[in-house]
Amino acid sequence: MANILPILLFLCCGSAALAYRGPDLPPGPYCGITGQCCTKRQDGCSHRILDSVCYCDQFCKQNRTHDDCCPDYETVCLNEPAQPIPLQNTPCKYNNKRYFPDETTKQNCNTCTCVAESESTSNWQCEQKTCLMDEEIIENVNSRRLSWRAANYSEFYGKTLEDGLTYKLGTLPLSVETKRMGAIRYDKDIDYPREFDARRRWNSTSPIIDQGWCGSDWAVSIVGVASDRFAIQSNGAEKITLSAQMLLSCKRFRRDKGSCKGGHIDIAWNYAKAEGLVDDKCFPYQAKDVRQVRCPFKRNGDLISDGCTPSTPLRTSRYKVGPPGRLKNIEDIMYDIMTSGPVQAVMTVHQDFFHYRDGIYRRSRYGDNYLMGLHSVRVMGWGEERGDKYWIVANSWGTNWGENGFFRIARGENESDIESFVVTVLTEVASAYQKK
């Protein structure tokens with residue numbers, strides 16, 4: 001033990017005396033006090049510096065990792081010209097941390113670099129991308145007593161607005177032919193209930209799906225509507241969740257590849273009509289397109305050849321739908337939901353919508369008002385809150401978003417174009433189970 005203590009003291013002192021350089025050291029002189037320079041380590045060739053010692057001998061520079069030479073060793077002992085000691089730049093600060101020039105950090109969705117502007121000044125230079133989450137939007141919406149409240153979602157933090165519009169939406173612009181889709185008119189002169197919710201009416205609607213960071217809202221909303229309608233129109237006998245992954249991986253049309261960067265709803269509906277779908281258990285959703293998940297099924301197959309388990313003994317064919325139709329007025333939308341189940345709607349999304357927490361959404365115009373995208377959703381019903389009419393809508397961003405995955409939006413105002421393009425469809429249920 002007696003021999004260990006001196007060794008520890010030597011190591012501590014030695015580690016404290018490494019590379020005596022920098023503007024924060026006392027100016028000296030050290031070796032210059034006596035002018036004595038030694039070839040071997042001698043006490044006479046050492047000098048006090050701070051709380052340790054430095055040396056003026058040839059040994060002090062023999063090991064690059066152990067440079068304990070005095071600051072003026074080269075000048076006095078080696079006759080080298082004195083080198084100016086560079087000033088250290090003031091570090092940049094962020095979140096109580098210091099960053100030196102050329103070091104980077106992320107501030108929301110932007111990468112920031114600490115840049116030396118002079119010998120003593122450093123400042124941040126940051127990218128200027130529009131981030132998906134914006135504290136100003138949240139503060140403005142929540143302080144203005146609007147009909148809805150906003151929140152910051154950690155899943156969206158650090159993403160750009162363009163990321164959100166590309167990968168959290170996905171519906172591509174409607175073609176001229178699609179916009180001309182024939183309208184279905186019911187013209188029912190009836191009193192509609194003040195509130196209607198397909199979830200409570202049938203208790204067989206499909207769950208909220210999280211599309212992930214894949215622009216597949218078009219696929220998710222289609223299989224959501226079709227799944228609900230199979231259950232409803234079969235009186236609960238064919239209660240299944242259909243495969244959105246099949247639409248991502250198996251569609252084979254020239255105009256539309258159906259990828260995580262978007263798809264056309266008309267082509268997807270036509271595929272469900274012509275080829276049919278399997279259930280999600282047979283081909284689970286993976287938030288990946290055909291480039292990553294290949295289609296395992298042959299064209300014109302059935303559930304048996306596909307290796308899937310039919311929902312009932314009476315079914316061997318895939319789950320197919322009839323031709324889609326368009327609902328143009330509010331009463332027809334309400335009647336169709338009330339009698340046949342949820343419908344698909346295409347809405348326009350701006351930045352503030354991503355922040356929706358609860359309440360009845362109306363676009364606030366806070367945040368970016370230029371970038372926007374189309375979003376396909378599933379309308380489940382309607383209601384009123386203190387006279388304020390709304391639609392009940394299922395989103396595809398998981399249950400942590402909004403009102404457990406759902407949102408309410410103003411009804412009768414075509415808010416965010418929610419009433420501009422609404423699609424209904426019938427399903428080909430097994431005849432023995434058809435709704436009477």
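A residue is called buried when its relative accessible area is under 20%, exposed when it is over 50%, and partly exposed in between (1.4 Å probe, protein chains only). The structure is a predicted model, in which local features need pLDDT of at least 70, side-chain atom pairs count only at pLDDT 80 or more, and totals for chains, interfaces and linings use all residues. Residues are numbered from 1 along each chain as its sequence is written, and side-chain values use heavy atoms, with hydrogens and water left out.

The protein has 436 residues, and 49% of them count as buried. Its secondary structure comes to 11 helices and 16 strands. Helices (H or I, at least four residues) and strands (E, at least two) are DSSP runs, numbered from the N terminus. The accessible surface is about 22,700 Å². Carbon and sulfur atoms hold 49% of that surface. These areas come from the Shrake-Rupley method with a 1.4 Å probe; for residues, only the protein chains shown count as cover. Contacts (heavy atoms within 4.5 Å) were also counted. Among those with a separation of 6 or more, 68% link residues 24 or more positions apart.

Disulfides were searched for across the whole structure, and 11 were found. A disulfide is a pair of cysteine sulfur atoms within 2.5 Å. One of them joins Cys37 to Cys77, with an S to S distance of 2.0 Å. This pair links distant parts of the chain, 40 residues apart. Cys37 sits in the loop between α2 (31-34) and β1 (46-49), while Cys77 belongs to helix α3 (residues 73-77). The link of Cys37 and Cys77 is left-handed, with -85 degrees about the S-S bond. Cys37 has 35% relative accessibility, so this residue counts as partly exposed.

A disulfide also joins Cys38 to Cys45. Here the S to S distance is 1.6 Å. The torsion about the S-S bond of Cys38 and Cys45 is about 60 degrees, so this disulfide is right-handed. Both Cys38 and Cys45 are buried.

Cys54 and Cys70 form another disulfide, at 2.0 Å from S to S. Its torsion about the S-S bond is about 90 degrees, and the link is therefore right-handed. Cys54 lies in strand β2 (residues 52-55) and Cys70 in the loop between β2 and α3, so the pair ties together parts that are 16 residues apart in sequence. Cys54 and Cys70 are buried.

Asn329 caps the N-terminal end of α11. A side-chain oxygen of Asn329 lies 3.3 Å from the backbone nitrogen of Glu331. Just after the helix, Gly341 takes a positive phi of about 120 degrees.

Pro342 lies in the loop between α11 and β11 (343-349). Its relative accessible area is 0%, so Pro342 is buried. Which residues does Pro342 touch, not counting residues up to four places away in sequence? They are Ala198, Thr205, Val225, Asp228, Arg229, Ile232, Arg378, Val379 and Met380. Thr205 is 137 residues from Pro342 along the chain, and the C-alpha atoms of the two are separated by 8.6 Å.

Methods
A polar contact is a pair of N or O atoms within 3.5 Å; within protein, one must be able to donate a hydrogen and the other to accept it, and residues adjacent in sequence count only if both atoms are side-chain atoms.
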